[in-house]
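User: I'd like to go through this one with you, a few spots at a time. Could you keep the answers plain?
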Amino acid sequence: MHTSAGSSAVCAWQNNNKKGCKMDNEFKEDVLAGLRLTQKALSPKYFYDAQGSKYFDQICQLEEYYPYRTELSLLPEVARELQDYFHQQSVDSIQLVEFGAGSLHKVKPVLQELKMVKEFIAIDISGAHLQAASEELAEAFPDLPIKAAQGDFTKPIELAPSDATPMGFFPGSTIGNFDPGEALDFLRNARTTLGKDSYLLLGVDTKKDQQMLEDAYDDSSNVTARFNKNILTRINRELNGNFDLSQFEHVAIYNEELGRIEMHLRSLVDQQVTVAGETFQFKQGETIHTENSYKYHPDEFDELVTAAGWKRECLWLAPDAIFSVMLLHSKEDN
Ligand code: AVI
């Protein structure tokens with residue numbers, strides 16, 4: 001078993017594309033720049049502090065939030081078919097790299113069925129959460145070398161050299177949280193990270209009935225509302241802000257023209273808020289745009305795949321096509 005210097009079964013390291021101080025400063029600069037915009041906005045990547053990651057895990061257990069359970073129920077079959085597919089391609093060992101790994105729930109069915117995975121690397125922006133999840137995974141798969149890396153998985157990352165064929169894993173339709181241009185950049189960067197003759201297994205949420213979409217992002221137990229507002233709690237704590245959470249409400253609407261769910265925090269009154277010594281005015285009804293979650297028809301998504309230099313090899317659709325999982329292959333040199 002591969003172990004770190006300590007007693008942990010999981011080797012942890014910080015990606016050299018992000019260091020702690022730089023990250024803190026980046027959070028402040030991003031928040032201030034976002035609140036200065038005419039349409040105020042915050043990046044959804046800042047949802048995931050320790051509490052935000054816990055809220056997200058709760059979202060995944062909600063009846064209304066179909067993406068999590070739908071994808072999870074597809075993955076055992078996907079992994080069994082991958083095992084056959086890779087045998088046919090004469091691939092006998094895989095270096096599995098999960099981007100935005102979070103709680104590592106989705107990789108378990110993949111590891112259970114895809115026996116040719118020889119090494120697992122988990123990359124996520126929330127280091128503490130990832131480390132805990134990696135320790136738990138190591139107990140379930142004691143013979144698998146596991147590495148946990150805190151860093152920005154949207155940028156190219158240097159992987160340790162390996163004889164195994166690299167396969168990225170990006171489940172949950174997190175790619176939908178990027179604008180199409182950012183999604184294209186992510187796909188290109190993933191190709192750079194994974195290299196020539198690599199694979200990428202992706203979960204992508206599909207376009208569907210508007211009510212089903214809006215219920216998934218505005219659940220009856222208000223967990224998503226707490227998740228959304230937690231970004232204000234984080235700003236208050238880390239950037240000396242004074243947001244009054246009771247003066248903002250959670251909003252989730254499907255923007256049909258752009259094919260995305262939008263989450264906002266709407267100010268209930270005219271108010272002013274101070275963050276890191278700077279004051280921001282809010283009119284009643286004005287919103288902070290906190291997240292987009294794009295939904296794609298598989299053929300529509302294929303345009304991004306091709307533009308980024310990947311080729312779709314396999315497509316799995318859940319019943320009623322409410323979620324898709326696809327395997328991409330990069331054949332040529334980067
Ligand atoms: C992480 N990401 C794919 C989730 C989504 O569905 O866009 C984040 C989320 N936001 C609200 N609920 C879930």
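User: Is Ser173 buried or exposed?

Analyst: In this predicted model, Ser173 has a relative accessible area of 5%, and because buried means under 20%, Ser173 counts as buried. Ser173 sits in the loop between strand 5 and helix 6 (180-194), and its phi is near 60°, a positive value in a residue other than glycine.

User: And what about Ser90, what is its phi?

Analyst: Ser90 has a positive phi of about 60° although it is not a glycine. Ser90 belongs to the loop between helix 3 and strand 2 (94-99), and with a relative accessible area of 64% Ser90 is exposed, whereas Ser173 is buried.

User: Switching to the ligand, which residues are closest to it?

Analyst: The ligand is surrounded by 14 residues, and the closest are Tyr65, Asn177, Tyr217, Glu291 and Ser293. By class, the residues of that shell divide into seven nonpolar, six polar and one charged.

User: Which atoms of the ligand are involved with Tyr65, Tyr217 and Glu291?

Analyst: For Tyr65, a polar side-chain atom lies 2.5 Å from an oxygen atom of the ligand. For Tyr217, an N or O atom in the side chain is 2.5 Å from an oxygen atom of the ligand, while for Glu291 the side-chain N or O atom is 2.7 Å from a nitrogen atom of the ligand.

User: How much of the ligand does the protein cover?

Analyst: On its own the ligand has 340 Å² of accessible area, and the protein covers 97% of that. The elements that give two or more residues to the shell are helix 2 (50-60), helix 8 (223-238) and strand 11 (287-294).

User: Why is the pair of Phe178 and Phe186 tilted?

Analyst: The ring centres of Phe178 and Phe186 are 5.8 Å apart and the planes are at 40°, so the pair counts as tilted, given that planes under 30 degrees apart count as stacked and over 60 as edge-to-face. Phe178 and Phe186 are both buried.

User: New topic: where is Ser324, and what does its side chain contact?

Analyst: Ser324 is in strand 13 (residues 323-330) and counts as buried at 1% relative accessibility. A polar atom of the Ser324 side chain lies 2.8 Å from the backbone oxygen of Val204.

User: Last one, where is Thr154 found, and how many Å from Val223 is it in space?

Analyst: Thr154 is in the loop between strand 4 (146-150) and strand 5 (165-170), and with a relative accessible area of 23% Thr154 is partly exposed. C-alpha to C-alpha, Thr154 and Val223 are 27 Å apart in space, and in sequence they are 69 residues apart.

Terms used:
Residues numbered from 1 in each chain as written. Predicted model: local features only at pLDDT ≥ 70, side-chain atom pairs only at ≥ 80, totals over all residues. Heavy atoms only, no water. Near = heavy atom within 4 Å. Polar contact = N/O pair within 3.5 Å; in protein donor to acceptor, adjacent residues only side chain to side chain. Areas by Shrake-Rupley, 256 points an atom, 1.4 Å probe, with all protein chains shown as cover. Helix = DSSP H or I, 4+ residues; strand = E, 2+ residues; numbered from the N terminus. Nonpolar A, V, L, I, M, F, W, Y, C, P; charged D, E, K, R; others polar. Phe/Tyr/Trp six-rings, centres within 6.5 Å; stacked < 30°, edge-to-face > 60°. Buried < 20%, exposed > 50% of the residue type's maximum accessible area, 1.4 Å probe, protein only.
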